[in-house]
Amino acid sequence: MTTPVAISTVATSTNGGRLAGKVALISGGSRGMGASHARALVAQGARVVIGDLLDDDGAALVAELGESNAVFVHLDVTSEESWAHAVDVTTSTFGRLDVLINNAGIFTRGSVEDADPAQFATTIDVDLNGVFLGMHVAIGALRAAGGGSIINISSIAGLTGFKNRAAYAAAKWGVQGLTKTAALELGGDNIRVNSIHPGSVRTPLTAGLERGFDQIPLGRDAAPEEISALVVYLASDESAFVSGATIAIDGGETAGNNMRADA
């Protein structure tokens, strides 16, 4: 099994780094990948607003990162009003918004035949409608900053079919389509929009899943920090010509059928 490369997320001064001067709003930022993204952005000089329903986890993360680098806002991604409040907190606290990271999401099981319709609707509301609302509300602040970067966290379930994950796959495919459409619409405002499609990642969301890794050419899952490294790149000016991209970060899982025996 290949071991992951260690990636430093030690916080540094906001006076330097690849993201110096930038301000990011992260939905679902209190734990898991969202918290990892927050740490990585602050380590590169950004200031972050952590939006989540998990108030205690969010407050603990702010204490870790430092109140000069981070603030927490209670955010329900299914509510336009809640998004508007989060954007207002961002601009009133740090003066601008440069990066929106739509990271919040939930996971439900169920095939097209047996999925509970209410759960299906809830999954779509959080995982797809929440992304739409975040972009819809944040565009004005991003435009006022002279442009920026929207990073939508999808999944490899938004690149290929996933048995018994009807709602999740539908939402994550929708995120990809929404991302490409927004990239076309917002390019004239210097707002870049890209989607990231992680494969298996070690987070609280996946902790209860029984998974093998034979289907992954690299033979392992990812540490959240490995996804955060891509987030940092897309948030930075290094990716100034990257927009409308669909980027898989999955150890090669969607490259083909790794389970097929050699001829």
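A crossover is termed right-handed if, with the strands pointing away from the viewer, the path from the first strand over the helix to the second runs clockwise. In the predicted model described here, strand S4, helix H4 (residues 117-144) and strand S5 make a β-α-β unit of this right-handed kind. The two strands of the unit run parallel and are joined by four bridges, S5 comprising residues 148-153, and within this pairing Leu100 stands opposite Ile150 of S5. S4 also pairs in the parallel sense with strand S1 (residues 23-27), here over three bridges, with Ile26 standing opposite Ile101 of S4.

A further parallel pair is formed by strand S2 (residues 47-52) and strand S3 (residues 70-74), which are joined by five bridges, Gly51 being placed opposite Val73 of S3. Between S2 and S3 the chain passes through helix H2 (residues 55-65), and this β-α-β crossover is likewise right-handed.

These strands belong to an open sheet of seven strands, paired in parallel and arranged in the order S3-S2-S1-S4-S5-S6-S7. Helix H5 (residues 166-186), in turn, lies across S5, S6 and S7 and runs at about 160 degrees to S6.

In a regular strand the side chains alternate between the two faces of the sheet. Strand S4 (residues 99-102) is covered on both faces, with Val99 and Ile101 buried on one side and Leu100 and Asn102 buried on the other.

In soluble globular proteins, nonpolar side chains tend to be buried together. The largest nonpolar core of the model has 34 residues, among which Leu25, Trp83, Ile150 and Val193 have the most contacts inside it. At least two residues of this core are supplied by each of S1, S3, helix H3 (80-94), H4, H5 and S6, and the greatest contribution is that of H4, with 11 residues. A second, separate core has 29 residues, including Ala24, Leu41, Ile101 and Ile151.

Beyond its neighbours within four places in sequence, Val193 is in contact with Met135, Ile150, Asn152, Thr179, Ala182, Ala183, Leu186, Ser243, Gly244 and Ala245. Asn152, which lies in strand S5, has a relative accessible area of 0% and is therefore buried, the cut-off for this class being under 20%. When residues up to four places away in sequence are not counted, Asn152 touches Asn102, Val131, Met135, Val175, Thr179, Val193, Asn194, Ser195 and Ile196.

Conventions:
Residues are numbered from 1 along each chain as its sequence is written. This is a predicted model: local features need pLDDT of at least 70, side-chain atom pairs count only at pLDDT 80 or more; totals for chains, interfaces and linings use all residues. Side-chain values use heavy atoms; hydrogens and water are left out. Buried means under 20% relative accessible area, exposed over 50%, partly exposed in between (1.4 Å probe, protein chains only). Two strands pair if DSSP finds at least two bridges between them. Contact means heavy atoms within 4.5 Å. Axes are lines fitted to C-alpha atoms, for helices over the stretch in contact, and angles run from 0 to 180 degrees between N-to-C directions. A nonpolar core is a set of buried Ala, Val, Leu, Ile, Met, Phe, Trp, Tyr and Cys residues joined through side-chain atoms within 4.5 Å.
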